[in-house]
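Q: I would like to learn how to read the contacts, sheets and cores of a multi-chain model. Could we go through one feature at a time?

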Amino acid sequence: MASKNLTLFNRIRDSDIYFSFIKSPTAIVSTIILLIIFFCSFFVEFVTPYNPFDPSSLSLMDAFTPPSWTEDGLARFILGTDGQGRDMLATILYGSRISLIVGFSAVIFALVLGVALGLTAGYFGGKYEMIVMRLTDVQLTVPSILMALLVDGIARGIISRELHDEMAIYVLIFAIGISEWPQFARVSRAATLVEKNKDYVSASTIIGVSNLIIMFKHILPNILRPVLVIGTIGLALAIIAEATLSFLGVGVPPTTPSLGTLIRLGNDFLFSGEWWITFFPAIFLVILAFSINLLGDWMRDTLNPKLN
Amino acid sequence: MKRLFQSAMVMLVVAFVSFSLFNFVGDPINNMVGEETSDEERAELRDTLGLTDPIHIQFSRFVVNASKGEFGISYQLRRPVSELISERLPATIELVLISALIALVSGTLLGVYTGINRKGFLSDIILAISLLGVSLPTFVIGILFIYLFAVILGILPSFGRGEVVNIGFWSTGFLTLSGLKAIILPSVTLSLFQMTYIIRLVRAEMMEILQTDYIKFARARGINEKSIHYKHALKNGLIPVITIAGINIGTLIAFSIITETVFQWPGMGFLFIQAVQFVDIPIMSAYLVFIAFVFVMINFIVDILYYFIDPRIRVKAEAVSG
Amino acid sequence: MKFNNFIKILLAFFIIFAPNNGIAKTIKWSMQGDSLTLDPHAQNEGPTTQVSRQIYEALVTRGLDMSIGPQLATKWKAVDPNTWYFFLRDDVKFSNGQKMTSEDVVFSILRAKQPTSDFKEYISTISGVKAIDDYTVQIKTSKPNPILLNQLSNIFIMSKQWSTDNFVVAPQNWDAGQETYSATNAMGTGPFKITLREPNTKTVFKKNNKWWGNVEHNITEIQLLPIKNAATRVAALLSGEIDLVTDAPVQDLNRISSSGGHKVESTPQMRTIFLGMDQAADQLRTGNTGDNPFKKKEVRQALYQAIDIEAIKKKVMRGLSEPAGIITFPGVTGYTKALDKRLPYDVGAAKKLLADAGYPDGFEVELRCPNDRYVNDEAICTAVVGMLGKIGVKVNLFAQTKSKHFKELKDNQGDFYMLGWGVPTLDSHYVFHYLYETDASWNKVNFSDAEVDAAIRVMEGEVDLDKRNAAIAKAWKIVRDNIAYLPLHHQVISWASKLNVDVPIRPNNEPLFRFSKVN
Amino acid sequence: MSFLKINNLSVDYKMRRETVYAAKNVNIEVSKGEILGLVGESGSGKSTVGNAIINLIDEPGKVSSGSIFLGDINIHKDPENIVKHRGKKVGLIFQDPQTSLNPIFTIGEQLIETIQTHLSLNNEEAKIKAINLLKEVGIKDAEKRFDNYPHQFSGGMRQRVVISLALCCEPELLIADEPTTALDVSIQSQILDLIKRLTKERNLAVILITHDMGVISETTDRVAVMKNGDLVEIGTTKEILTKPKEIYTKSLVSSVPPTNKKINRFKIIEKENKSQKETNIKILNRWTKKEIINQDLVQIKNLSKTFDDSFFTESSKNTVMAVDDISFNIKEGQSFGLVGESGSGKSTIAKMIVNLFRPSGGDIYFDNVCITKIKNKNEMLKFRKQIQMIFQDPYSSLNGRLKVKDIIAEPIKLHNPSISSKDKDNYIYDLLESVELTQQSAERYPHEFSGGQRQRISIARALATQPRLLVCDEPTSALDVSIQAQILNLLKDLQEQLNLTILFISHDLPVVRQMCDRIGVLKNGKLCEISNTEELFLKPKHDYTKELLRLMPKIESIYN
């Protein structure tokens, strides 16, 4: 066990990726920032004493407290409070958790769907491939935001309103995921077409390995690199898409605000001097997306897959 | 021909989706009448609207109407959708065209620059900014611009189209100073996100082309670097830009929803977002069909452009036809 | 060479089309919504009336001080409780130059009574209209109507000729989405006429040079530019693109008035914001207890006393609200300071009341709110959610756009909801008739009290003012003691404008541009 | 007096851990009218030297020292100035004509641009010159084809265009970097003849970079041998090929399969190689060795395969006959060679035999069972076990994500699911040792191995199912000649000991001669002739066979 770990560790340490990683300050910094954000968001209960979504713990009289370093700031609200007296930092972290959950789930959904379709399409070819690829074409015809809006609109129409609020987050994940899967399908199909013609696949076929095993044991690991790059960039896109939808008011309900919702709500206070209510969620969102993009960019350069 | 057929198929699929929207998302009758309408009246209305006909007849009627641009009456605004759309079409088209122009021209220029000067300081700056651009949601940029240019500096308008001039059915903001000023912030906001994409794509394309054998061979022949970059590499690099431009315009139309919301631009996106919030199905389905139509047209134009620009496709097509 | 030519052509276009703004006195006016239709009888709704008011006129009207005064009628008299005579001005011309006569008045009032009119119930007591001569009109009511003048102040007079010519004898059928000439065009006797109409984008009013009245304003043009998003609206005001905002967000008032170029005016609005609780249903639609806690007065009172209205005033309304004890406001007959006093904010008492009522652990319910109708409506609701949470009532907030909110409320979908009520007639009857009378159209709490219903009958028929006032006072006491609604506050509205723009603020939020000046 | 003088040229690449010398203190001289062959295996630095002359080295490589004289000018004195000499004084040809030309300009545009870069000619004059050049390099209808795009030319024609581009400004030095490697034998000889002719006519100094000793032998006057960046030996071609001094050169020369005779084994001279002895084949005891019975194991009857060409063109449904009515038999224990140029259908046949493709017509019988008609999966598996294949590209034939152990374990477990883990490991070790790899290799990943070693792993995997027929599709064409010799030796040993039947597919006639008992010659999907190896080489019947044999570069030609 120990030796196995060691070899894995050695493998990582010897790899080009690791070398390139420690040579790239941007990659390191963005990774650290992301780790901090992920940690704080997912363990927010332990990071901050406040729960902004327990209405009984809030006091409206705390509302509009500016950040602690300003004149009227209070030490207990580091980044100040919003119009309902919620601690901004806690609100942002809870919001970021929702954004991240939506982002990750949407990307995973898109990834699983896209890779499964792209892999099988590339592998089997023929009519099936044509249909899948036409489908991606049609899907790409509808840009992501529009697709998400449509899905949301339809969901509003067919799900009852009470259910809709509960379902909103799933609808959102589905909406964003469904608009991103063609990317994964295209990339994994293209990669599969390359891999499929490599001799190791032929070798396995000749040995008698079944198609399913060839696809998932042999081809899948080999097409993961470009898929991961797309996935990373897709994560940033999904988070931004979620924020945008929430900003437009068709995202998650305001009772469980994501970063986009927070920016939308805070936007009303942009001119009134309570800049922190919109500024901090916005800057947080930008830092989050920027870090993911930096990492994705570095991955793209390092793994250097041909994305198109 | 094949292309045309495919386009028609795409349109039909989209038409079917929007038709389904109409029929299966909520009861269209309920959406049209008040609660005090009696059941008899409802049945009568259902009959006159042809909602009792078999589904394929309804669908073909929908297609016929859609091709005439008729999508019924908006549930929310109580006006014919075709009228609403045609009223707001020019605003969106003008915004999208200007944005596409900004995104394509500056994106390509910067992309080529960074692709050629890979290690330069300026390139690094451009790339960092472009990455930031991808990370900044459009609405944040919009708010920032309004705050900076309209409120603090007071040099550019923050909303609307300014003065418009009607030329036939088309209302344009291009012919007045206020119209031109009004389009600056929304179009720049809208184009930024796309521009950063184009920068990165063109850069990657340029870098890849500069690695190819034919560029190396051109170098070996002593062709000067300028010609290599701007003639040999650029022309090859521009081929994918056409595709990008096509997708770009479509995406811009979609993203104009956000920009139009932030800048209160009286276009279709603004109409659409309100329709979504209100579940105003006629507008939603009309918008969907419209977008699909635009995309199909763009794809078609892109194909034609390819034919003219890429000799490999042109010669093949000629060989087949001749 | 080619490019130069292009520039030349472009410049030529500029010279031809560039608007000549030099001399004109223009007010650019913005608010959240736009007029829904220009047909003056198709929709009885705020912005729609605000727009129509500049173009159309009524027999009588409210002045700047909100008192009823003559407009198209110079004087009137009631010969018996059900018969009124109105004597018209003889110098009134429509903006197309045509003279206005009693025939137009009769036509317009009858038009407003047609099935497609949104005013048909509003003036349901009018049973007959007759032209006595060219400038005298007789109006008959089915029963004595003390507030007829109030009602008539909102019935705009159209030209019969114009309506006939343009096939708009009947009001536009709004609900069916009918397209009529009158919906996109307007032709009235008012001080302004509409020269451009782009719904939801831009409406241009020009001075009507044929107006009969004494011109007190100096405005040549008004542009209505609706901006849905509040922040954008404020930004547009601050950047100088807009001269007047008639629904300035309270949180931005400081910023606006400190800009150096703008001023803010506030006045109590004729509107009270309150929460309604369905007291009749056996089971809450969104509850978790299987019954309806709102049936118990203790529960309603507990909720009342759990709301810290001063905190809402200070933080949410920035001081711009008047906490309310009843759903009516100063200036309305029947209002008294004593009635308007609230029960004290007392969380302890509220918890006890709740426990006494049998809900020591509280209950769950959904609160429906509009998010674009009242000043900070959604924020008030959010605050209420937090406050009720402190006494154990778990409230789930559902905020949506006003049109859906009201429609669903009308469809009896709300357990617990926010509503605001104005009194355009400045008489308590209006409130009781709509909110408290058994099965009244907006009585969505299903309050029902025989004594109140009886008092309402008195209000409608009693011409003896003392008796009538006594009935009003009694009714108010009953509903207040019953805690039929949870009153929150009287809304204060604020208008913000450039320093050089003078548009007098009015409690009903309706600007009267004929009294406005641009310096 | 030599025209080109390379003095002490060093090129180094700064890598992440160390600096790699791609060339170290290389001294080469070339005179006008002379063709110098620069030979070496992959990674020897031969291309680096070629590129370094005009400073066309990719990042992060750098010329770190040395001088290069063209006549009297030290062109490396001022690196900026080298650009002026590119094309003007020095012409360069690359390996792959498919990618050397800019696809979106006509060849005329590319020619004129190059001409006008260096010579002050107007469009008309440049065009005349360009057309003359095209004629000179043997392009028919030069006036017409002047306006064609590169993709409208065949591979050989394209390489002619490339040569015309390299020569259009009359350079005095021509560097040809593997100019014929991507081309078929018949076209290769034409291009080489063209280069030889132009050398004479234009009195060029030529550096011909190649790995092919046959080409060296037939084309060059002098040879420089490189290894790992060092110049090992330089001398006249005859000297080097017949009396090499250095041990490396000796091993290189002896590894080249002779074209004129069949030898039993290749002599491996390289000193590092310790196991000269016959391979110890441990897996023998697991092998149920078949009696050698003089019987056909494989029978191919009227085999055909067509491909839909709609893949390439949109509308028209062209079909391409990749394999056209081919029949042959292979006897058990025999090794059968299929030779042909690219596009002759040889790989397609191989893929049909291993059941990767379904034939469009005809049947394949294995052990008297028609395997093309089997539908049942389990039935098929039985034959899968008996027919295995070795591929051309050692880099793509192993899944880089799996350890060697797992790669070899896959067929073992599939065909013997009940095997114990220990037995399986032992079997894997035995297989590895049989292909001369250590047991430790099992724990490593493919990227840690060289091309030759990977090919060994490939063989071990193929042997794991104990097949009777081994299909080898160009198993050594991607390998350096010395490695090729080792792999070929290994295959021979295995075949002998395990009594394997081998179908050996290659474009390389000398290799086929060494490996096979019988040979079939393919052209455009048709079988030209089949005969026993020696008969084919000594008394070819078919014209095409004769042509191939005539054009095949022969290392022995230097003796004549």
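Q: How many residues does the contact take from chain A and from chain B?

A: Some ground rules come before the count. This is a predicted model, in which local features need pLDDT of at least 70 and side-chain atom pairs count only at pLDDT 80 or more, while totals for chains, interfaces and linings use all residues. Residues are numbered from 1 along each chain as its sequence is written, and chains are lettered from A and ligands numbered from 1 in the order in which they are written. Two residues are in contact if their C-beta atoms, placed from the backbone, lie within 7 Å. By that rule the contact takes 33 residues from chain A and 32 residues from chain B.

Q: Which elements of chain A give two or more residues to the side that touches chain B?

A: Elements here are DSSP runs numbered from the N terminus: helices are H or I with at least four residues, strands are E with at least two. The elements in question are α6 (126-141), α7 (144-158), α10 (211-248), α11 (259-267) and α12 (276-303) of chain A. α7(A) gives the most, with 10 residues. For classes, Ala, Val, Leu, Ile, Met, Phe, Trp, Tyr, Cys and Pro count as nonpolar, Asp, Glu, Lys and Arg as charged, and the others, Gly among them, as polar. The side of chain A that touches chain B has 23 nonpolar, seven polar and three charged residues.

Q: Of the five pairs of chains in contact, which share the most contacts?

A: Chains A and B do. Another contact takes 26 residues from chain C and 24 residues from chain B. On the side of chain C that touches chain B, α7(C) provides the largest share, four residues, and the classes are 11 nonpolar, nine polar and six charged residues. Chain C and chain D are joined by no contact, and their closest C-alpha atoms lie 27 Å apart.

Q: Is A:F216 buried or exposed?

A: A:F216 lies in helix α10 of chain A. This residue has 12 C-beta neighbours inside 10 Å, so A:F216 counts as exposed. Its C-alpha atom is separated by 40 Å from that of A:G249, 33 residues apart along the chain.

Q: What is the strand order in the open sheet of four strands in chain C?

A: Strands of a sheet pair through backbone hydrogen bonds, either parallel or antiparallel. Two strands pair if DSSP finds at least two bridges between them. The order is β4-β5-β7-β6 (chain C), with antiparallel pairing. β4 (73-80) and β6 (126-133) of chain C are at the edges with a single partner strand each, so one side of each has no neighbour in the sheet. β4(C) and β5 (residues 83-88) of chain C are joined by six bridges, and C:W76 stands opposite C:F86 in β5(C).

Q: Where does the hairpin of β8(C) and β9(C) have a positive phi?

A: The positive phi, near 65 degrees, is at C:N200, in a hairpin with three residues between the strands. Six bridges join the antiparallel strands β8 (residues 192-198) and β9 (residues 202-207) of chain C. C:L196 has C:V204 as its bridge partner in β9(C). β9(C) also pairs antiparallel with β10 (residues 221-224) of chain C, over four bridges, where C:Q223 is the partner of C:V204.

Q: Why is chain D described as being as compact as a globular protein of its length?

A: The radius of gyration is taken over C-alpha atoms, and the globule rule is 2.2 Å times the number of residues to the power 0.38. Chain D has a radius of gyration of 26 Å, close to the 24 Å that the rule gives for 560 residues, so chain D is as compact as a globular protein of that length. Chain D has 20 helices and 20 strands, and 49% of its 560 residues count as buried.

Q: Which residues touch the most other members of the largest nonpolar core?

A: A nonpolar core is a set of buried Ala, Val, Leu, Ile, Met, Phe, Trp, Tyr and Cys residues joined through C-beta atoms within 7 Å. Of the 491 residues in the largest one, B:F272, C:L367, D:V206, D:I353, D:V471 and D:L503 touch the most other members. α10(A) supplies the largest share of this core, 19 residues.

How values were computed. Buried ≥ 20, exposed ≤ 12 C-beta atoms within 10 Å, placed from the backbone.
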